Amino acid sequence: MFIETRIQQQAKLDLSGSVAPFELPLPDMPAHVWASPDALRSRFHLEAARYFECESVLAVTGIESGISALARLFQTWYGAMRVVLAEPSFDQWDKRFRRANHVVLDWPVDLILEGDIPECDVVVLGRPVNPTCQMISIKQIKPLARRLREQGGWLILDEAYLDWTGEESYASFIEAEPAIVLRSVAPFSGLAGANLAFVCGPKAVCTALLNEVGTQAVSSPQWWLALQYFEAERWREDQLQRLADVCVRLEALWRERLGATVEIYKGGYFISFEHPNNDRWAARLEALGVLVRTYSNDACILRCGVPKNEADWLRLDKAVKALDA
C-alpha cells in the first residue's frame with residue numbers, strides 16, 4: 001500500500017505552488033565554500049546591501065523561518081500584539097503569529113489602503129498580493145509605514161513574489177520610513193529547495209532577529225547561493241520575459257474554459273481567477289491528476305501554476321478541457 005500511494009503521488013502534476021518553471025543556472029559550487037563561512041558571510045553583507053539598497057539585511061532559512069523569528073521577537077519585545085493581516089495573504093503569517101500568542105485579525109487589503117484599519121500594533125501586507133497579483137505602490141505604503149511607527153507599531157511587507165513584477169522594493173525606503181521587508185529566493189529563481197530568504201529592516205530589528213535565529217542558521221552553501229542570485233542580473237532580465245510569455249500562454253489555455261468576461265490575474269509563476277465553479281473544478285482536476293490551489297474568502301479564487309515542460313502543458317490542457325462549464 002505504501003508503494004502504491006507513493007507512485008500515485010509522484011504521478012500527479014502539482015501546479016499548486018508558485019515557483020518559476022525556469023531555474024537559475026548555477027556553476028559547480030567550489031569545495032572551499034564549506035570551509036570559508038566567515039568570508040562568504042562578509043561578502044554577503046556587502047552584496048546584499050548593494051542589491052537591496054538597504055543597510056541591514058539578514059539571511060534566514062526560508063520565508064517561514066523569517067516569519068517565525070519576527071513573531072517570536074515581537075513577543076519578546078512587546079508581549080502579545082494585535083496583528084492585522086491584509087487578506088488574502090500567505091497562510092503561514094496567521095499560523096506562526098498565533099503560535100507566538102499574538103492576536104491575529106484578517107482584514108481586506110483595500111480597506112487597509114483606504115486607511116480603514118482596526119486598532120492594531122502590526123500590519124502585514126503582501127506586495128504584490130497573493131493570489132490576486134494586486135500591486136501596491138511605494139506611494140501608498142509610505143504613509144501607512146509612517147502612521148504605524150508613530151503609534152509604536154510596525155508595517156511588515158511580504159515581497160516574496162516581487163521579483164516577477166520588476167517593481168522597486170520598499171527595502172530602499174526603510175531608512176526614511178521604517179518598515180520590515182521579507183524577500184525570497186525560491187519563487188523567481190525556480191530553485192524550490194533553496195530555503196533562503198532575506199529580512200530587510202532597521203538595524204535594531206535585524207540585530208535582534210540574528211540573536212533570535214542564531215549565527216549558524218544559514219550554511220556556507222546558502223551564503224554562496226545568495227551571492228550567485230545577486231550577481232545574475234542578465235539572467236534576471238531574461239527571466240522576466242520568459243515568465244511574461246508563459247503567463248500569456250497559461251491565460252490562453254484557461255480562457256477557452258472561462259470565456260471572455262472572467263478577469264485572469266497573471267502572477268509570473270501562476271495565473272488566478274475568481275469563478276463560482278472553482279472549488280468543484282479544483283476537485284475535478286485533482287481527480288484527473290492535476291493539483292491547483294483554491295482560496296475561499298468572499299469569492300473563491302483558483303490559482304494554477306505554470307507547467308515546466310511540454311508534456312505537462314499537454315496534460316493540463318487535456319484536464320482543463322475535461323471540466324464542465
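**Close-up views of a predicted model**

View 1. A11 is partly exposed, its relative accessible area being 42%. The model shown here and in the other views is predicted. A11 belongs to helix α1, which covers residues 2-11. Neighbours within four places in sequence aside, A11 touches G289 and R315. A11 and V290 are separated by 279 residues in sequence, yet their C-alpha atoms are 9.2 Å apart in space.

**View 2. Packing of helices α2 and α9.** Helix α2 (residues 37-52) packs with helix α9 (residues 220-231) at an angle of about 30°, and the two axes are 9 Å apart. Angles under 35 degrees count as roughly parallel, so α2 is roughly parallel to α9. The crossing of α2 past α9 is left-handed. On the α2 side, the residues in contact include L40, F44, A48 and Y51. On the α9 side, W223, L227 and F230 are among them. Sorted by class, the contact of α2 with α9 has twelve nonpolar, five charged and one polar residue.

**View 3. Aromatic rings.** A pair of aromatic rings is described by the distance of the centres and the angle of the planes. The structure contains 18 aromatic pairs. One of them is W254 with W281, a tilted pair with 6.4 Å from centre to centre and 40° between the planes. This pair links distant parts of the chain: W254 lies in helix α10 (residues 233-258) and W281 in helix α11 (residues 278-287), 27 residues apart. W254 and W281 are both buried. Elsewhere, ring pairs join F44, Y51, F52, F198, W223, Y229 and F230 into a cluster.

View 4. Most residues other than glycine have a negative phi, and most peptide bonds are trans. R127 and P128 are joined by a cis peptide bond, with omega about 0°. A cis peptide bond also joins N130 and P131, where omega is about 15°. P128 is placed in the loop between β5 (122-126) and α6 (138-150), and P131 is in the loop between β5 and α6 too. C133, in the loop between β5 and α6, has a positive phi of about 70° although it is not a glycine. C133 counts as buried because its relative accessibility is 13%, and buried means under 20%.

**View 5. N195 and its backbone.** N195 is found in the loop between α7 (186-189) and β8 (197-200). The phi of N195 is positive, near 50°, in a residue other than glycine. With a relative accessible area of 47%, N195 is partly exposed.

Methods
Residues are numbered from 1 along each chain as its sequence is written. This is a predicted model: local features need pLDDT of at least 70, side-chain atom pairs count only at pLDDT 80 or more; totals for chains, interfaces and linings use all residues. Side-chain values use heavy atoms; hydrogens and water are left out. Axes are lines fitted to C-alpha atoms, for helices over the stretch in contact, and angles run from 0 to 180 degrees between N-to-C directions. Helices (H or I, at least four residues) and strands (E, at least two) are DSSP runs, numbered from the N terminus. Angles under 35 degrees count as roughly parallel, over 145 as roughly antiparallel, 65 to 115 as roughly perpendicular and the rest as oblique. A crossing is left-handed if the near helix is turned anticlockwise from the far one by less than a right angle, and right-handed if clockwise. Contact means heavy atoms within 4.5 Å. Ala, Val, Leu, Ile, Met, Phe, Trp, Tyr, Cys and Pro count as nonpolar, Asp, Glu, Lys and Arg as charged, and the others, Gly among them, as polar. Rings of Phe, Tyr and Trp (its six-membered ring) pair if their centres lie within 6.5 Å; planes under 30 degrees apart count as stacked, over 60 as edge-to-face and the rest as tilted. Buried means under 20% relative accessible area, exposed over 50%, partly exposed in between (1.4 Å probe, protein chains only).
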